[in-house]
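Please look at the model shown below and read this report alongside it, following each part in the structure as it is named.

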Amino acid sequence: LKKIAVLTSGGDSQGMNAAVRAVVRSAIYHGIDVFGIQRGYQGLLNQDIFPMTIRSVGDIIQRGGTILQSARCLEFLKPAGQQKGADILREYGIDGLVVIGGDGSYNGANKLSKLGIKTMGLPGTIDNDISFTDYTIGFDTAVSVVVDAINKLRDTMSSHERSSVVEVMGRHCGDIALHAGLASGAETILVPEMPFDLDEVADRMKDNFARGKRHSIIIVAEGVGKGEDIAQALKDRHASIDARVTVLGHIQRGGSPTPADRNLASRLGDFAVRKLIEGESGKACGIINGELTLTDIDLVVNSKKEFDLETYNLALRLSQ
Ligand code: ATP
């Protein structure tokens, strides 16, 4: 292995920069030339490829977003685009590629691997929706953004005896809602993986208020529905429920990555390079029970992440 490249793709997440830094510095440490590809697979097809040095990744470990930028690339969804990408990498003499992104980006890496390019996937997405890893890069920061917002909402809510419906990201995966809900003592956590009954939610809120609870937080993953609709549905059931809605949106993707995300990204980035050197390809890097792991990317993109029922039940037990 002489030359590798790194790209970030799909939705950006905090910690992608720390991962890029780790890939670049680990490669150089091992005597391998490393190239950056700007704007994901689109940049690959546009040959937006440039050499990176130790210094090109200086002062980025603390920054959100990605210095390599990200993009969605329709052309790469087609076999002709994928072949073109593999040909371009060969032209540059690049024999290994590290792809940092979510599920879609992993699919792209899988296709390149089948075309003979050595690929490694790093889980870069705030949603934590990738299987065969306990955590994705960006998830911890996104959860901390939500918890910070809820802390602020609590201050104003208890002054006015109100409820808050907080809509967070997660179309198919409720992990942000679950972990932020547990950490912020939410009364109700609605996630796409679990059925729920709004009658019961509304009754519980009413009873809790009657028993002296001064505020309540209902955290809703976007895959369940709009926060506005949930708030209206609760009010329709009990007119006394005065639920204000906060949609956190893209601020969940912003901000300086937490130490946990920076360290996860650093460990995974270095691991990906070492495994490429060892000859591995078509693999996704992850962390399971604290150990770094390698799984066939084909298996990862074809498995649905198991929902963490134990944590969900814990949150329920503590939300009285
Ligand atoms: P996030 O989960 O944060 O949205 P993602 O990586 O899943 O991130 P996508 O937009 O789904 O984001 O994928 C990023 C890019 O990966 C796409 O624009 C496309 O270029 C490529 N890609 C996605 N799916 C495939 C596929 N099935 N085959 C080849 N390339 C793909």
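With 19 C-beta neighbours inside 10 Å, Gln 69 counts as partly exposed, because a residue is called buried if 20 or more other C-beta atoms lie within 10 Å of its own, exposed if 12 or fewer, and partly exposed in between, with C-beta atoms placed from the backbone. Gln 69 is found in the loop between β3 and α3 (79-91), where helices (H or I, at least four residues) and strands (E, at least two) are DSSP runs, numbered from the N terminus. The phi of Gln 69 is near 60 degrees, a positive value in a residue other than glycine. Most residues other than glycine have a negative phi.

Arg 39 also has a positive phi, of about 60 degrees, although it is not a glycine. Arg 39 lies in the loop between β2 and α2 (40-45), and it is buried, because 20 other C-beta atoms lie within 10 Å.

This is a predicted model, in which local features need pLDDT of at least 70 and side-chain atom pairs count only at pLDDT 80 or more, while totals for chains, interfaces and linings use all residues. Residues are numbered from 1 along each chain as its sequence is written.

## The open sheet

Seven strands form an open sheet in the order β3-β2-β1-β4-β5-β10-β11, with mixed pairing; two strands are said to pair if DSSP finds at least two bridges between them. The edge strands are β3 (49-52) and β11 (291-296), each of which pairs on one side only. Strands of a sheet pair through backbone hydrogen bonds, either parallel or antiparallel.

Strand β10 (residues 283-288) pairs with β11 in the antiparallel sense over six bridges, and Gly 286 has Thr 293 in β11 as its bridge partner. Helix α1 (residues 16-29) packs on the sheet, touching β1 (3-8), β2 (33-37), β3, β4 (96-101) and β5. The direction of α1 makes about 175 degrees with that of β1, where axes are lines fitted to C-alpha atoms, for helices over the stretch in contact, and angles run from 0 to 180 degrees between N-to-C directions.

How many of the residues of β4 are buried? Six of its six residues are buried, with Gly 96, Val 98 and Ile 100 on one side and Leu 97, Val 99 and Gly 101 on the other.

Strand β4 pairs with β1 in the parallel sense over five bridges, and Leu 7 has Val 99 in β4 as its bridge partner. Six bridges join β4 to β5, which run parallel, and the bridge partner of Ile 100 in β5 is Leu 122. Helix α4 lies across β4, β5 and β10, running at about 165 degrees to β4.

## The annotated position Asp 127

UniProt, in an unreviewed entry, places the feature "active site" at Asp 127; such positions are given in the numbering used here, feature names are shortened, and annotations may be inferred rather than shown by experiment. Asp 127 is found in the loop between β5 (118-123) and α5 (139-160), and it counts as buried because it has 26 C-beta neighbours inside 10 Å. Leaving aside residues up to four places away in sequence, Asp 127 touches Gly 102, Met 169, Gly 170, Cys 173, Asp 175 and Ile 176, where contact requires C-beta atoms, placed from the backbone, to lie within 7 Å.

Definitions and conventions. Contact = placed C-beta atoms within 7 Å.
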